[in-house]
Amino acid sequence: MERNIQRYGIINLLMLLLAAAGGYAVARYAGSLAGQVASLFAGLGALVALISWFQMRLEESERLEKLELDELARAKGSATLFEAGKGETFPAQRARLQFEKYFVPAFTFLLLIAQAGGALLLWRWLAKADAAVNPTRWMITAAFFAVCFLMLFILGRFSATIARLEDHRLLRPGASYTLLSAFLCAIAALGVAGVSVDFPRADLQIARGLCVLLGVISLETLFTLIFEIYRPRVKGKIGRPLYDSRLVGMLGQPEGLITTAAEVLDYQFGFKVSDTWFYRFFERNLTVLLLVQIGVFLLSSCFVLVDSGEQALLERFGRPVQGQEILGPGLHLKSPWPISRVYRYRTEQIQTVTVGFADDDKDEHASPVILWAVGHGKEDNFLVANRDHSPVEAKAGDRKAPPVSLLTVNIPIQFQVTNLVAWAYNHRDSSNLLQQIASREVVRQLVSADLNEIMSHGRLEAGARLRDRIQAATDAHKLGARILFVGLQGIHPPVKVAPEYTKVVAETQKKKAKILAAQAEAISTNAFAGARAFTTVNTAEAERQRLEVTAVARAAAFTNQLPAFNAAPSVYLQRAYFQTFARATEGARMYVLLTTNTEDVIEFDLKDSVLRDYGSLTVPAPPRR
Amino acid sequence: MKRNLLTFVIGGVLVVIFGLLLFSFQVRQTEVAVVTTFGKPTRNIDQPGFYWKLPWPIQKQVKFDQRIQTFEDKFTEDLTSDNNNLLTMVYVGWRISDAKLFFPKFAGGSVSAAERMLEGILRSAKSAVVGKHSLGDFVNADPNQLKFDAIENEIKAQVQAQLAANNCGLVVEFLGIKKLGLPDSVTQAVFERMTSERAVLVSKSQFEGEAEAQKIRSAAEREAARITSEAESQAIRIRGEGEAKAAELLPVFELNPGLANFDLRLKAIEQSLKEKSTLIFDQRTPPFDLFQGFATNRPSK
């Protein structure tokens with residue numbers, strides 16, 4: 001009996017479309033992430049079913065065309081009818097061939113993009129999405145997906161069985177996707193139900209798992225496309241449709257895993273790989289191998305390898321194991337999972353929490369120079385008491401500036417876990433609590449701090465004081481951590497007022513420069529005054545000496561002149577006069593007037609003759625080349 | 001036969017695993033749990049360990065973290081008693097004290113629902129306490145006048161009282177002020193005041209520098225004048241001493257005052273003609289009187 005497989009193809013297509021649209025709407029309604037991802041699978045399945053249905057129609061047209069032409073040929077009794085040109089004679093066949101040659105690879109490529117892109121986008125979306133299934137709508141959602149599972153499963157099984165028994169290769173892709181969608185609907189229903197019972201993240205985790213599955217399927221599609229280029233082609237053998245995923249088929253029909261694997265290998269290598277001894281051994285002992293694998297998994301969970309720098313908490317049935325609460329670095333034995341479990345922590349690692357804004361360290365274009373006046377992170381301003389003004393009573397509704405200042409703060413606090421039991425068991429998020437405690441202590445210190453002191457010479461001391469305070473608070477909260485370092489290097493005025501602070505510093509420097517210049521000038525003035533005083537005194541001293549010596553000399557000379565004068569008074573005087581005259585006028589210009597006419601007026605031009613001197617200068621000759 | 005045994009083993013393992021999942025659960029050291037029977041809390045488990053239960057949907061276990069959880073509220077604006085707008089953010093350490101009470105109060109034990117309730121109570125208590133204190137109690141240059149601890153304790157006491165009244169199975173262990181701030185408009189005003197303060201300091205530095213320099217210069221000039229005047233006075237004294245000493249020898253010249261005066265005149269002439277001089281003599285001046293009677297360049301009439 002000839003079945004009309006196109007009808008099954010269209011039913012698969014419609015059911016998948018219904019599951020995709022309905023599943024998406026219901027999943028959105030209930031906030032189920034897994035449901036939304038599962039509906040995407042159904043949507044992709046609908047696409048595949050659509051293409052395979054179209055290909056079925058082409059093949060059916062080709063079959064009818066061939067029948068018609070066979071009929072005609074028998075009626076005419078000649079084969080010349082087909083000799084004009086095959087393409088012109090078999091348009092349906094040509095259409096089918098063109099479809100398989102061009103459209104199917106193009107569609108498979110688009111399918112690959114949809115699968116890979118979908119996996120990537122969904123993964124990103126899931127990273128930001130909240131796992132929040134509406135508690136009042138979970139039952140409707142679970143019921144809808146359960147119904148979908150039932151309908152798709154029955155239809156899928158029926159289609160898959162027909163495809164296998166009657167070898168309808170084009171019915172298989174749609175059937176595989178229908179079965180896979182059925183299972184995914186069941187999983188989505190379980191995820192929603194899991195959220196309602198005890199596993200709040202079940203829905204999210206399932207959605208992530210489905211996302212990974214979609215990625216794996218996209219990889220398979222990619223490899224199928226690549227291998228299609230190199231696959232050995234046997235003439236007359238009809239190929240498997242490119243969009244027919246073996247992985248989807250295997251997941252839809254897990255019992256056919258072995259068959260599918262064998263088919264894949266046979267198809268890819270061009271010979272019966274499934275006849276080899278290794279394959280047969282694998283097929284025979286699969287169950288044992290699976291049991292061994294489970295055994296190995298359980299055995300491996302009995303060993304714990306704690307890395308250096310780490311410590312681990314060992315719990316048996318949820319209780320810390322007496323005497324073995326903390327496992328240090330090395331190899332340890334424990335009961336298998338799920339009896340005993342370990343929780344690792346990096347206790348040796350120096351960890352950091354930051355109070356205030358965080359630097360733009362991740363910004364590659366950030367300047368390597370950090371300046372107060374240039375923003376280098378999202379500012380977080382802290383209040384500081386204003387010591388320049390006493391608190392003022394503000395009037396009601398008055399928005400004048402209160403007696404406080406603001407500081408931008410970026411304080412890294414480095415710490416180490418010293419007591420893992422306290423760190424892990426006392427607080428749900430110890431690191432966050434430490435950050436809160438540190439913020440409180442920073443606020444407390446700043447509200448009464450001297451702004452200038454904390455930004456300059458008191459920074460180191462304030463850092464040490466702050467560290468002690470945070471340590472005390474950490475101990476009081478039994479956090480089991482040691483504060484190693486509190487860095488106040490990131491305290492400065494807000495960017496908006498920072499330039500004014502810089503101006504103050506610049507003016508302070510200028511003030512110092514002016515004072516130093518005046519001091520230098522004062523030193524010079526005093527030094528020259530001292531020198532002048534010294535010169536004055538010494539000149540006076542010299543004059544005194546000269547006076548004294550001259551007086552003595554003159555007295556002595558006078559005493560010696562007296563006998564000579566007494567001996568020849570007039571001659572002595574004349575001689576002395578002429579000797580002195582000759583000596584004194586030696587360098588003088590003298591004019592002796594010998595005129596006897598006393599009535600004449602004689603004019604003297606005593607100006608020095610400068611021109612004559614200049615006129616006597618000779619100009620040197622230019623040098624010869 | 002062998003294949004049947006294997007199938008039996010695998011089936012057995014699966015049944016055991018499935019059974020354990022259905023009939024048991026573990027509670028960690030960090031957890032407490034409530035077991036509900038047909039939705040009604042029937043067992044409170046506050047010790048870690050392995051426990052049995054009837055399968056879902058008859059019994060269901062709900063686990064909670066019993067450690068202290070930290071929650072911080074929003075940065076909210078309130079008015080202090082001296083009418084300053086102040087933004088505050090506090091953090092609260094809370095834990096579930098009674099899971100059986102906690103579970104039904106918050107939509108099946110939702111921590112986020114509990115935190116929403118806590119936020120409401122906290123905000124109310126915070127506003128009330130902030131309104132009772134002046135800004136100086138929060139920010140003060142004198143550490144002794146700060147009332148941080150008192151404010152925190154007041155907020156905590158109010159929150160605890162409200163939680164006790166609600167009887168919702170959670171307690172607040174600690175509370176701290178995480179952040180203080182000002183509204184944007186006030187922040188701008190503070191920025192302007194800070195800028196003005198700096199401008200005052202800039203002017204102060206500018207004029208102080210000039211004034212200081214001027215002081216130093218005038219002090220130096222005064223000192224220089226003192227040094228110079230002292231030196232000049234000393235020089236006058238020295239010269240006087242020299243003259244006095246020279247005067248001691250004047251009686252020697254009294255032996256022949258005429259000769260002494262003649263000698264002085266000669267010395268004066270010699271001294272005055274040291275520089276380049278132009279002298280005009282007539283023939284009556286000795287020694288040019290020797291030219292008397294010589295023929296001149298112009299015959300006498």
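# A first look at a predicted two-chain model

Residues are numbered from 1 along each chain as its sequence is written, and chains are lettered from A and ligands numbered from 1 in the order in which they are written.

**The two chains**

- Chain A has 18 helices and 12 strands, while chain B has 8 helices and 10 strands (helices, H or I, have at least four residues and strands, E, at least two; both are DSSP runs numbered from the N terminus).
- Of the 625 residues in chain A, 31% are buried; for the 301 residues of chain B, the share is 27%.
- Take the contacts in chain A between residues at least 6 apart in sequence: 74% of them link residues at least 24 apart (a contact means C-beta atoms, placed from the backbone, within 7 Å).
- In chain B, 69% of the contacts between residues at least 6 apart join residues at least 24 apart.

- Chain A has an average pLDDT of 81, and 83% of its residues score at least 70 (pLDDT is the predictor's confidence in each residue, from 0 to 100).
- Residues 389-399 of chain A have a pLDDT below 50, and this stretch makes 18 contacts in the model beyond near neighbours in sequence.
- Where pLDDT is low, the predicted coordinates should not be read in detail.

**Where the chains meet**

- Chain B puts 115 residues into the contact and chain A puts in 106 residues.
- On the side of chain B that touches chain A, helix H6 (residues 184-247) of chain B supplies the largest share, 43 residues.
- That side of chain B splits into 55 nonpolar, 30 polar and 30 charged residues (Ala, Val, Leu, Ile, Met, Phe, Trp, Tyr, Cys and Pro count as nonpolar, Asp, Glu, Lys and Arg as charged, and the others, Gly among them, as polar).
- Strand E12 (residues 589-593) of chain A pairs with strand E10 (residues 278-282) of chain B in the parallel sense, over 5 bridges (strands pair if DSSP finds at least two bridges between them).
- A:Val592 has B:Phe281 in E10(B) as its bridge partner.

**A sheet and its helices in chain A**

- An open sheet of 3 strands runs in the order E7-E10-E11 (chain A), with antiparallel pairing.
- Strands E7 (351-356) and E11 (481-486) of chain A are at the edges with a single partner strand each, so one side of each has no neighbour in the sheet.
- Strand E10 (residues 410-417) of chain A runs antiparallel to E11(A), joined by 5 bridges; one of the residues involved is A:Phe415, whose bridge partner in E11(A) is A:Ile483.
- Helix H13 (residues 430-446) of chain A lies across E7, E10 and E11 of chain A, at about 40 degrees to E7(A) (axes are lines fitted to C-alpha atoms, for helices over the stretch in contact, and angles run from 0 to 180 degrees between N-to-C directions).
- Helix H15 (residues 459-476) of chain A lies across E10 and E11 of chain A, at about 165 degrees to E11(A).

**A sheet in chain B**

- Here, 3 strands make an open, antiparallel sheet in the order E3-E2-E5 (chain B).
- Strand E2 (residues 31-37) of chain B pairs with E5(B) over 7 bridges in the antiparallel sense, and B:Thr37 has B:Gln59 in E5(B) as its bridge partner.

**Residues worth a look**

- B:Val130 sits in helix H3 (residues 111-132) of chain B and is buried, with 25 other C-beta atoms within 10 Å.
- Apart from neighbours within four places in sequence, B:Val130 touches B:Asp78, B:Thr80, B:Leu86 and B:Thr88 by the contact rule.
- B:Asn83, from the opening, has a positive phi near 60 degrees although not a glycine, and is in the loop between strand E7 (76-79) and strand E8 (85-96) of chain B.
- The peptide bond from A:Trp337 to A:Pro338 is cis, with omega near 10 degrees; A:Pro338 lies in the loop between strand E5 (330-333) and strand E6 (340-345) of chain A.
- Another cis peptide bond, from B:Pro286 to B:Pro287, also has omega near 10 degrees, and B:Pro287 is in the segment after E10 of chain B.

Definitions and conventions:
This is a predicted model: local features need pLDDT of at least 70, side-chain atom pairs count only at pLDDT 80 or more; totals for chains, interfaces and linings use all residues. Two residues are in contact if their C-beta atoms, placed from the backbone, lie within 7 Å. A residue is buried if 20 or more other C-beta atoms lie within 10 Å of its own, exposed if 12 or fewer, and partly exposed in between; C-beta atoms are placed from the backbone.
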